[in-house]
Structure formats: C-alpha cells, structure tokens
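Please keep the sequence and the model at hand while reading.

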Amino acid sequence: MNTPDFSSMNNTNILMRAGRWRWWELLLWAVALSLPWVMNTHALIINEIAIVALFALSLDIILGYTGIVSLGHAAFFGMGAYTAALFSKHINPDPLFGLAVAMVVSTVLGAICSVTVQRGTDLTRLMVTMGVGLILMELANKLDWLTGGADGLQGVMMGPLLGRFEFDLYGSTAATYSIVVLFIMFVLARRFVNSPFGSTLKAIHDNRLRAMAIGIPVASRIAVAYTVAAGAAGMAGALLAQTTGFASLDVFEFHRSADLVLLLVIGGVGWLYGGVIGAIVFKVLQDAISSITPQYWTFWIGLFLVVLMLVGRERVVRPWTWFGTSSSKKKEGAA
Amino acid sequence: MLTILFDGIAYGMLLFILAVGLAVTMGLMNFVNLAHGAFAMVGGYVTVLLMQRLDVPFLLCLPIAFVTSALLGAVLERTLYRPLYNRPHLDQVMFSIGLTFMAVAAVDYFVGSTQQIMQLPEWLKGRTEIGEGAWMLGMGHYRLFIIAVCAALTIALQHILTKTRFGSRLRASVDDQRVAAGLGINVNVVFLATFAVGSGLAGLGGALGADVLGMDPTFPLKFMIYFLIVVAVGGTSSITGPLLAALLLGIADVAGKYYIPKLGAFIVYSLMIIILVWRPQGLFVRKGGKA
C-alpha cells in the first residue's frame with residue numbers, strides 16, 4: 001500500500017505539511033474547471049470522469065485510509081442515484097436540493113451498514129459488502145412500481161442549476177456542476193484525512209491491534225469513516241442520475257464496484273489524487289478500447305488487471321524500475 | 001413440498017461440488033480466488049461442446065471435464081497464482097477478477113454469448129413420483145443422479161482429507177507452512193495438487209450443472225456470489241461446514257423462489273448477511289485452527 005511511513009514522522013510539522021496545498025494543485029483544478037468549456041465536445045466524458053473520480057475518492061477513504069475492503073460500494077452509489085432521481089421526479093426538480101437529500105439518505109444507509117463491517121476477516125467484509133449491494137439491486141429490480149424495475153427510472157427532469165443554468169445537450173453545464181462538486185468534496189476529504197481523526201484512521205489501517213492499544217476507539221472510527229464514505233458515494237450517484245436524467249439497475253451492478261476498486265488500485269490507494277488519476281486513466285482506456293472492440297473490452301481490462309497484479313502496481317507506474325533489482329520484493333517473498 | 005426439498009438438496013449438492021475447491025483455496029491456502037467460477041465454466045463448456053459437436057457420451061464427458069479443468073488449474077497455479085500467495089487479499093481479489101473478466105470475454109469470443117443447450121441421455125430424462133397430495137415426492141432422474149454423484153464425491157473427499165497420508169500432509173501444510181516444510185513435506189507440490197483437484201471439482205460441478213444452472217459466458221460472475229456464500233457461511237476449516245451451508249443455501253433458494261418469487265434472491269443474501277454479522281468466521285468453525 002501507499003501510505004507514508006510514519007515512523008520517521010514524529011513531529012507535527014510533517015503531519016501538517018501533508019495537508020498543505022501546493023501551487024500546482026490549484027493550477028490543476030483551475031484547468032479542470034475550464035475543461036468542459038474548452039473541450040466542449042468531450043463534456044460528456046469529462047462529466048463521467050468527474051463522477052467516477054468522486055466515487056473513487058469516497059472508496060479511498062475506507063479502503064486506502066482505513067483498510068476496509070469493500071466490493072459493494074455501488075450500493076451507496078445506487079442509493080444516491082435512485083434517491084436523486086425519485087426526488088426530482090416526484091418532489092422537487094432543484095438539483096442542489098436533490099443532491100443534499102441523496103447525500104443524507106446514503107449517509108444514513110452507510111451508518112446502518114457500518115455495523116456489518118466491524119467484525120470478521122477481509123473475506124467476511126468482502127461478502128457482506130457485496131451482499132448489501134446485491135440486496136439493494138434486487139430491491140430496485142422488484143419494487144418496479146417505484147423504480148421502474150429492469151427498465152430503469154426514466155423521465156427525470158432536472159430544474160436549472162441555481163435557478164439560472166440549464167442542463168444542455170452537450171453537457172458543459174453538467175460537467176462543470178460535477179467538477180465543482182468533486183472539487184468541494186475533494187477539499188473536504190482532504191481536510192478529513194489530514195485531521196487528527198484521519199491520522200487515527202491511518203493508524204487503524206496500519207495495525208488495528210496497536211491502534212486499539214493506544215486508545216483509539218477503533219469500532220466507532222471505522223463506523224464514522226464508512227458512513228462519510230457512503231455519503232460521498234451517494235453524491236456521486238446523485239450526480240450521475242441528475243446529469244444523465246436516468247437511473248437504472250446498472251448503478252448497483254457488481255462490476256461497478258469491481259471497476260471502482262480497479263481504478264483506485266491503478267491510481268494508487270491512500271492518496272486522494274489516486275482516485276482522480278485512476279478515474280481518468282480508466283475512463284479514457286474504456287472509451288478507447290470499447291470504440292475498437294465494443295464487445296470484448298472486458299478482456300483487455302482483465303488482462304490489464306492480471307498483469308498489473310503480477311508485475312506489481314509500483315513497477316508498472318514507475319517504468320524506470322523495470323530493469324533494476326527488486327530487493328524489497330524479494331524480501332517480501334522470503335518473509 | 002417434498003419435491004421442493006428434494007430439488008433444494010440436489011441444487012445444494014451441486015453448489016457444494018462447485019464450491020468445495022474454493023473452500024480449500026480460500027480457507028486452507030488463504031487465497032481469495034474469485035476466478036473459481038471460470039474453472040467451473042471451463043468444465044461446463046467442455047462437456048457441452050463435446051456432446052454437441054463430437055457426440056461424446058455424457059458419462060465420458062464428466063471425467064474429461066474434471067481432467068481439463070484440473071490441468072488448467074495446475075498450469076495456472078504454477079505460473080500465475082503462486083507468486084500471489086503472500087500478497088494482500090485485495091491484490092488477489094483484483095487478480096482473480098481480472099482472470100474472470102478474461103475468461104468471460106474469451107468464451108464469448110470463441111463460442112458466442114448464447115446459452116448452450118445440453119442434450120441429456122434418455123435414461124436421465126425421466127421422473128419418478130412417490131406418494132400423493134401435499135406429500136408427493138417428484139424426483140427428476142437427473143437430480144437423483146446429481147445427488148448420488150455428489151454424495152459419493154463428498155464421502156471420498158472426507159476420506160482423503162481425514163484418513164490418507166496426503167490429507168494429513170495437506171492439513172499440516174495449511175496449519176503451518178514453515179513447520180510442515182521443515183518436516184520434509186513439499187508444500188508447493190501439496191498446494192499444487194490441491195489447487196488442481198479443487199479446479200477439477202469445479203469443472204466437474206460445471207459439467208453436472210450445465211443443464212440445471214445454464215451455461216453462458218456470464219456464468220462465473222452469476223454464480224460467483226453463490227460459491228462465496230457457501231464458503232463464507234460454511235466456514236473454511238472443514239468440508240462438512242461448506243456442505244451444510246450449500247444444502248441450506250440450496251434449499252433456501254429453491255424454496256424462496258418457489259413460495260415467494262417476488263423476493264427472488266433477496267432471501268439468500270439477507271440470510272448470508274445475518275449469519276455473517278452474527279458469526280463472522282462462518283457457522284461451523286473448527287476450534288484451534290487458524291482463522
């Protein structure tokens with residue numbers, strides 16, 4: 001994993017430095033915000049990337065920082081998507097209002113589900129998180145009077161953003177909306193993981209027993225992290241439903257959770273930009289490969305995964321280490 | 001009602017054969033292998049294709065399916081799986097999902113995405129009915145055949161694990177690899193053989209289940225969750241645990257789909273979550289074994 005080595009960081013200055021903004025970050029975000037208008041023909045995919053990046057950001061909080069494996073993060077994504085879609089269809093078409101409601105609902109769901117990730121091994125957690133996702137998918141499928149069943153929930157009309165900016169066909173408004181939400185959530189997540197609270201999460205990630213021994217309330221910390229992540233994932237889902245005007249069973253699908261873990265692993269876990277980079281790489285790859293072989297693109301994704309895992313992520317993203325000796329790897333193997 | 005129970009048991013037995021190899025890799029070798037369903041699919045497709053294209057008799061297909069998947073398992077274990085044994089679970093999960101994606105796309109490419117129809121031999125097509133009214137027991141001959149094969153396999157497996165030399169070597173390797181190696185057990189060979197047999201059993205399960213479960217390229221993804229439930233609920237330290245879990249799951253699934261079709265798989269998933277929250281290590285855990 002990619003967490004920094006805290007043994008050498010025993011003074012607060014270093015901890016605080018990790019949370020400081022650098023000039024190039026601000027520049028990057030400024031560029032990101034201008035993209036939907038500069039590359040106006042690609043606004044749709046930019047929108048999608050922003051949504052997936054937010055989704056990955058939320059998974060990173062529990063996977064990268066707390067060390068809870070989850071294969072069912074799509075549960076919260078889907079919950080947010082359906083909530084936002086239903087809310088705008090039946091109650092109020094204002095996007096920001098819908099976003100807030102979706103966040104609240106998925107946060108509550110996350111709080112309930114956080115009980116299930118407390119006990120057991122990685123395997124148990126994989127199973128339980130996956131199970132929650134599948135249950136919600138079954139529910140969305142069977143409650144067809146509410147959700148439209150397998151056909152999905154159609155005809156979601158969104159009101160203009162802030163009462164002024166209409167969602168247009170090209171998606172520039174939508175993309176800007178998603179990027180702004182992503183940016184706000186990114187800032188908050190950054191505050192969250194660099195706070196003393198976040199440090200305790202990292203302690204739990206590194207060694208749960210030790211964290212318990214120095215007096216960190218492990219169970220409640222995990223619960224809070226899981227709940228916060230669920231809320232953020234719900235917002236990502238809400239953005240998808242709002243910007244596409246559509247919610248279908250697809251948002252709960254298993255492959256969505258699996259792809260998400262994949263792109264987080266590509267970008268690097270335990271590093272908030274990892275999700276963003278992973279989202280960009282993954283979506284661009286997906287777009288490129290599926291335009292060449294629309295039917296078999298999963299094969300290439302699978303191959304990519306297998307190679308990535310066999311060679312090791314560190315070595316794939318750092319090509320200059322390909323021909324050196326990998327002493328750390330050998331040590332790992334011998335242990 | 002008895003018919004449902006009977007079908008549930010047949011389904012559960014089938015699930016057990018499909019999942020027992022996974023119980024071994026996951027529980028004993030501590031490797032989360034989500035690609036297990038892909039081995040089952042290989043067995044299923046081998047059977048279906050042999051029967052459709054070459055008219056190989058059904059009974060001959062079963063051992064061929066077993067051997068093919070076992071060989072494939074052995075090759076993959078040696079080349080791809082072994083380097084990943086000591087890696088974190090997340091890496092193993094991603095790796096095996098990748099393998100599954102590749103298998104799904106490859107089968108789709110070579111055979112096509114339509115569901116394969118299997119022609120069972122005549123003597124397996126019939127159905128025997130005993131009793132009357134609510135207590136009538138209708139037994140499809142094919143299901144009876146599945147139960148018989150699976151029961152025989154279960155007894156054989158139990159015997160191998162508990163009574164033979166290989167079984168004790170395997171148990172020793174699993175409990176402590178280093179000590180086992182120190183005692184002169186070739187842990188690598190033991191694991192290789194175990195993985196191959198596990199994959200072979202998956203292939204056999206796929207071959208037996210091709211008719212009941214349906215064979216199409218999404219098979220590994222569709223049934224992955226079922227295998228995982230069997231293993232997670234049953235606990236991974238013995239084979240009686242997964243067997244009971246598979247029977248429970250099979251009966252619950254068949255009964256649920258029959259009595260409350262509206263809820264579908266909902267019952268199974270909820271049952272699993274409740275059990276796992278209640279007993280995170282599974283229902284049946286051997287005392288003193290490594291978790």
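The text below describes chain A and then a part of chain B.

**Chain A**

The model is a predicted one. Chain A holds 16 helices and zero strands. Of its 335 residues, 51% are buried. When contacts in chain A between residues at least 6 apart in sequence are considered, 77% of them join residues at least 24 apart.

An aromatic pair illustrates such a link. Over all chains, the whole structure contains 24 aromatic pairs. One of them is formed by A:Phe76 and A:Tyr226. The two rings lie 5.6 Å centre to centre with 85 degrees between their planes; the pair counts as edge-to-face.

A:Ser114 sits in the loop between α5 and α6 of chain A.

Helix α9 of chain A, residues 196–206, has several buried residues, among them A:Gly198, A:Leu201 and A:Ile204. A:Lys202 and A:His205 are buried as well. The elements that cover the buried residues of α9(A) include α3, α8, α10 and α11 of chain A.

**Chain B**

In chain B, helices α2 and α8 pack against one another. The table gives the residues of each helix that make the contact.

| Helix | Residue range | Contact residues |
|---|---|---|
| α2(B) | residues 36–54 | B:His36, B:Phe39, B:Ala40, B:Gly43, B:Gly44, B:Thr47, B:Val48 |
| α8(B) | residues 187–213 | B:Phe195, B:Gly198, B:Ser199, B:Ala202, B:Gly203, B:Gly206, B:Ala207, B:Ala210 |

The axes of α2(B) and α8(B) are 6 Å apart and meet at an angle of about 50 degrees, so α2(B) is oblique to α8(B). Their crossing is right-handed. By class, the contact of α2(B) with α8(B) comprises seven nonpolar residues, eight polar residues and no charged residues.

Two of the residues in this contact, B:Phe39 and B:Phe195, also belong to a cluster linked by ring pairs.

Conventions:
Residues are numbered from 1 along each chain as its sequence is written. Chains are lettered from A and ligands numbered from 1 in the order in which they are written. This is a predicted model: local features need pLDDT of at least 70, side-chain atom pairs count only at pLDDT 80 or more; totals for chains, interfaces and linings use all residues. Side-chain values use heavy atoms; hydrogens and water are left out. Rings of Phe, Tyr and Trp (its six-membered ring) pair if their centres lie within 6.5 Å; planes under 30 degrees apart count as stacked, over 60 as edge-to-face and the rest as tilted. Axes are lines fitted to C-alpha atoms, for helices over the stretch in contact, and angles run from 0 to 180 degrees between N-to-C directions. Helices (H or I, at least four residues) and strands (E, at least two) are DSSP runs, numbered from the N terminus. Angles under 35 degrees count as roughly parallel, over 145 as roughly antiparallel, 65 to 115 as roughly perpendicular and the rest as oblique. A crossing is left-handed if the near helix is turned anticlockwise from the far one by less than a right angle, and right-handed if clockwise. Contact means heavy atoms within 4.5 Å. Ala, Val, Leu, Ile, Met, Phe, Trp, Tyr, Cys and Pro count as nonpolar, Asp, Glu, Lys and Arg as charged, and the others, Gly among them, as polar. Buried means under 20% relative accessible area, exposed over 50%, partly exposed in between (1.4 Å probe, protein chains only).
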